[in-house]
Amino acid sequence: GIVTYYYRIDPSVSESEKGFWYVNLDGKGFEEHEVTDITQYDTENTSALVWFTVPKATGRPVWLPPYITDNLDVRVISYNEPIYYDGTFVGVVGIEIDYSTMADVVDSITLFDSGYAFINDKEGTIVYHPKMSIEELSENHPKVPEGLLSEDKFIHYNYDGVEKKAVWLPLSNGMRLNVTVPVSEIDSLWRDWVEEIVVLFVLLLIIFLILTMHLSDRITEPLRKLTEAAKQIDEGNYDVKLDYNGEDEIGILTRTFSQVTSHLK
């Protein structure tokens with residue numbers, strides 16, 4: 001996603017050596033571009049020419065929020081590092097990354113039906129949000145909802161009247177990548193699981209009852225016939241026939257009963 005890389009020497013250090021600026025806007029490779037004429041700016045004013053003035057003012061590397069890059073009219077985010085020689089500020093070296101590249105990556109992160117990702121800086125200002133326009137982000141500088149800057153890994157918060165849960169990951173540039181989902185969608189998942197478990201339990205219970213009834217019939221029917229045969233013998237009828245011939249205990253009892261009946265006869 002890098003569209004430019006550059007090294008800009010401070011005009012106060014050298015009026016002749018300006019540095020370099022390479023640009024790749026069409027994806028066909030980097031080409032040298034005329035460096036920005038920063039002599040038109042006050043390099044002590046951090047409200048303008050931020051890629052140069054902010055590192056110079058802070059004296060340390062810095063990731064900058066989205067801005068329109070000079071001369072190219074492209075929205076970028078950039079990483080810039082001040083260069084020193086013998087303790088004297090010399091200039092700034094840096095890269096600019098296409099804002100749309102970052103947006104495409106964030107847009108590709110989805111979860112459940114309406115979960116999405118967004119990025120905020122360490123102060124809580126939203127840098128990119130798939131449901132906010134670039135103009136809205138640039139003009140209003142919206143902040144993340146209360147609670148989202150918590151150090152807790154799982155965050156419960158309210159946004160536009162919707163209860164949500166979010167998880168976040170720190171990025172190397174000090175920003176945060178957040179992934180958020182409505183609580184209702186998360187709850188609907190375990191509710192679906194519960195319903196599926198209940199349905200499965202009911203089906204297993206029905207199968208168990210059917211098997212139990214079938215096994216019960218296999219046991220009770222031979223016993224009922226044995227009871228009836230005992231009544232017939234008690235009345236003097238020794239010609240009772242029992243046809244159950246299983247290899248279980250009921251089968252053994254039935255054959256033994258038939259032998260006793262035969263002996264009595």
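**Salt bridges and their surroundings**

Analyst: Happy to. In this predicted model, let us begin with Asp 10 and Lys 56, which form a salt bridge whose closest N and O atoms are 3.0 Å apart. The pair links distant parts of the chain, with Asp 10 in the loop between strand 1 and strand 2 (19-23) and Lys 56 in helix 1, 46 residues apart.

User: What makes Asp 10 and Lys 56 a salt bridge?

Analyst: The label asks for a side-chain nitrogen of Lys or Arg within 4 Å of a carboxyl oxygen of Asp or Glu. Here the closest N and O atoms are 3.0 Å apart, so the pair qualifies under that cut-off. Both Asp 10 and Lys 56 are buried.

User: Why is Lys 56 called buried?

Analyst: Buried means under 20% relative accessible area. Lys 56 has 17%, so Lys 56 counts as buried.

User: Which other salt bridge does Lys 56 form?

Analyst: Lys 56 also forms a salt bridge with Glu 44, where the closest N and O atoms are 3.1 Å apart. Lys 56 lies in helix 1 and Glu 44 in the loop between strand 3 (31-32) and helix 1, so this pair ties together parts that are 12 residues apart in sequence.

User: Is Glu 44 buried or exposed, and how do you know?

Analyst: Exposed means over 50% relative accessible area. Glu 44 has 57% relative accessibility, so Glu 44 counts as exposed.

User: What about Arg 176 and Glu 151: what makes them a salt bridge?

Analyst: Their closest N and O atoms are 3.2 Å apart, and the limit is 4 Å, so the label applies. Arg 176 lies in strand 12 (residues 176-182) and Glu 151 in the loop between helix 3 (134-140) and strand 10 (154-159), so the pair ties together parts that are 25 residues apart in sequence. Arg 176 counts as buried at 8% relative accessibility, whereas Glu 151 counts as exposed at 62%. Returning to Lys 56, salt bridges that share partners join Asp 10, Glu 44 and Lys 56 into one network. A search of the whole structure finds 4 salt bridges.

**Rings and charges**

User: How do you know that the charged end of Arg 176 sits over the ring of Trp 168?

Analyst: The distance part of the rule asks for CZ of Arg within 6 Å of the ring centre. The charged end of Arg 176 is 3.5 Å from the centre of the Trp 168 ring. The charged end of Lys 153 sits over the ring of Trp 168 too, 4.7 Å from its centre.

User: Which residues do ring pairs link into a cluster?

Analyst: Tyr 5, Tyr 7, Phe 20, Tyr 22 and Phe 30 form a cluster linked by ring pairs. The count of aromatic pairs comes to 12.

**Strands, helix and cores**

User: How do you know that strand 4 and strand 5 pair?

Analyst: Pairing needs at least two bridges. Strand 4 (residues 62-68) and strand 5 (residues 75-85) are joined by 5 bridges and run antiparallel. Trp 63 stands opposite Tyr 79 in strand 5. The two strands form a hairpin with 6 residues between them, and Asn 71 in the turn has a positive phi of about 70°.

User: What covers the buried residues of helix 1?

Analyst: The cover includes strand 1 (2-9), strand 4, strand 5 and strand 6 (88-98). The buried residues of helix 1 (residues 50-58) are Trp 51, Phe 52, Thr 53, Val 54, Pro 55 and Lys 56.

User: Which residues have the most contacts inside the largest nonpolar core?

Analyst: They are Met 102, Ile 119 and Leu 148, in a core of 24 residues. A second, separate core of 18 residues includes Val 23, Phe 52, Leu 72 and Val 74.

User: What makes Asp 86 and Asp 160 worth a look?

Analyst: Most residues other than glycine have a negative phi. Asp 86 is not a glycine, yet its phi is positive, about 55°. Asp 160 also has a positive phi of about 55° without being a glycine. Asp 86 lies in the loop between strand 5 and strand 6, while Asp 160 is in the loop between strand 10 and strand 11.

User: Why are Asp 86 and Asp 160 called exposed?

Analyst: The cut-off is over 50%. Asp 86 has 69% relative accessibility, so Asp 86 counts as exposed, and Asp 160 counts as exposed at 67%.

Notes: Residues numbered from 1 in each chain as written. Predicted model: local features only at pLDDT ≥ 70, side-chain atom pairs only at ≥ 80, totals over all residues. Heavy atoms only, no water. Helix = DSSP H or I, 4+ residues; strand = E, 2+ residues; numbered from the N terminus. Buried < 20%, exposed > 50% of the residue type's maximum accessible area, 1.4 Å probe, protein only. Contact = heavy atoms within 4.5 Å. Phe/Tyr/Trp six-rings, centres within 6.5 Å; stacked < 30°, edge-to-face > 60°. Lys NZ or Arg CZ within 6 Å of the ring centre and 35° of its normal. Core = buried A, V, L, I, M, F, W, Y, C linked by side-chain atoms within 4.5 Å.
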